[in-house]
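Welcome! Take a moment to look over the structure below, and then we will walk through some of its strands and helices together.

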Amino acid sequence: MSYSQTVQALFKPFTIGNLSLSNRIVMAPMTRQFSPNGVPGLDVANYYRRRAENGVGLIVTEGTVINHPDSSNQVNVPNFFGKDALNGWANVVKAVHEVGGRIIPQIWHMGARGNVNDYSETDIAAIILAFAQAAFEAKQLGFDGIELHGAHGYLIDQFFWEKTNQRTDKYGGDMLARTRFAVEVIEACRRAVGPDFPIVLRFSQWKSTDYTAKLAETPELLEQFLAPLVDAGVDIFHCSTRRFWEPEFEDSDLNLAGWTKKLTGKPTITVGSVGLDNDFMSTFTKGKEANNTKIEGLIEKLEREEFDLVAIGRSLLVDPAWVNKIRDGRTNELIPFTSEAVKVLY
Ligand SMILES: Cc1cc2nc3c(=O)[nH]c(=O)nc-3n(C[C@H](O)[C@H](O)[C@H](O)COP(=O)(O)O)c2cc1C
């Protein structure tokens with residue numbers, strides 16, 4: 001395979017458990033709301049196939065919701081339960097595998113309608129069961145792993161964050177107690193899929209209600225947060241940040257993925273404005289567009305093995321061929337993220 005020498009690090013294979021990837025590029029999960037009544041159609045299968053056949057190493061699907069009454073408030077967000085939706089996902093897996101791609105679903109519960117404090121232990125048990133059922137279905141359908149959405153203020157994150165979790169039982173309290181819900185979800189999913197099926201956990205310091213929020217203010221607190229999640233069975237951490245180049249704590253250049261790898265020894269995925277000059281929230285909230293930038297800074301960090309994989313969001317939304325253009329050094333052909341380009345969402 002020919003590729004520009006400077007981006008070599010992105011094109012090294014990666015293996016974990018049963019999952020072998022041809023390169024380090026991950027398509028970030030991106031909600032599209034193109035699944036009428038929760039059922040992904042052949043257009044969805046073709047959308048992912050286009051990214052796989054154009055060189056994406058691993059696709060993480062848009063968030064897809066578990067079987068629980070509160071899990072979704074959008075009818076066109078895909079379900080991950082029910083015969084029709086699961087058949088739709090089977091077609092997606094087939095389409096991606098046919099062209100040699102790898103794909104994992106992002107398993108999602110959007111959050112408590114009121115507050116996680118209102119859930120009883122019976123509600124919590126039902127939600128954990130629904131996560132485990134989704135993990136089981138993912139394996140049955142032939143997906144290559146799962147990603148649990150533990151970021152951005154959605155349900156799992158609502159338990160993590162002290163501002164949204166004021167429970168006084170075993171699911172609330174100090175950092176360790178606030179990880180308990182996620183730990184039980186991960187353990188249940190692990191039991192459902194067995195030891196070699198990769199479980200990715202996406203988490204973030206920031207929340208969609210507060211971009212400056214921090215779950216962990218120090219490396220010590222981050223370690224306390226991560227340790228029980230590792231013990232529960234996470235294989236890869238997907239560390240959601242808005243700008244990958246920002247150091248997470250003082251006195252070190254490491255970003256969140258860098259720290260997470262250092263503290264856990266687990267592989268990590270970095271994400272956030274790779275190859276773009278504007279972060280994704282400002283794109284939506286301030287209507288700002290983003291231009292393409294060089295990626296040397298990213299490559300240097302990857303070469304230093306600060307993290308293992310690199311997720312790309314908006315650039316893959318507007319340009320299915322982004323990976324091959326980067327590989328071949330065809331940077332003049334990159335497509336900026338504009339409001340016109342995103343309308344296509346094809
Ligand atoms: C249209 C859109 C939808 C998104 N939906 C999700 C989602 O369903 N789950 C999730 O974890 N993140 C979601 N994100 C965040 C992306 O996964 C990613 O972290 C973010 O876009 C930063 O990457 P980028 O700067 O390369 O775009 C979404 C982002 C965009 C632009």
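This is a predicted model: local features need pLDDT of at least 70, side-chain atom pairs count only at pLDDT 80 or more; totals for chains, interfaces and linings use all residues.

What does β6 pair with? On one side there is strand β5 (residues 103-108), joined to β6 in the parallel sense, with I107 standing opposite L148 of β6. β6 also pairs with β7, again in the parallel sense, and there H152 has K207 in β7 as its bridge partner. Strands of a sheet pair through backbone hydrogen bonds, either parallel or antiparallel.

| Strand pair | Bridges | Sense |
|---|---|---|
| β5 and β6 | two bridges | parallel |
| β6 and β7 | six bridges | parallel |
| β8 and β9 | four bridges | parallel |

Between β5 and β6 comes a helix: β5, helix α3 (residues 121-141) and β6 form a right-handed β-α-β unit.

Now for the wider picture. These strands belong to a closed barrel of eight strands, β3-β4-β5-β6-β7-β8-β9-β10, with parallel pairing. From one strand to the next, the twist averages 25°.

Is helix α8 enclosed or open? Helix α8 (residues 256-264) is largely enclosed by the rest of the structure, because seven of its nine residues are buried. Among them are W259, K261 and L263. The buried residues of α8 pack against β7, α7 (219-232), β8 and β9. After α8 comes G265, with a positive phi near 75°.

Notes: Residues are numbered from 1 along each chain as its sequence is written. Two strands pair if DSSP finds at least two bridges between them. Axes are lines fitted to C-alpha atoms, for helices over the stretch in contact, and angles run from 0 to 180 degrees between N-to-C directions. A residue is buried if 20 or more other C-beta atoms lie within 10 Å of its own, exposed if 12 or fewer, and partly exposed in between; C-beta atoms are placed from the backbone. Two residues are in contact if their C-beta atoms, placed from the backbone, lie within 7 Å. A crossover is right-handed if, with the strands pointing away from the viewer, the path from the first strand over the helix to the second runs clockwise.
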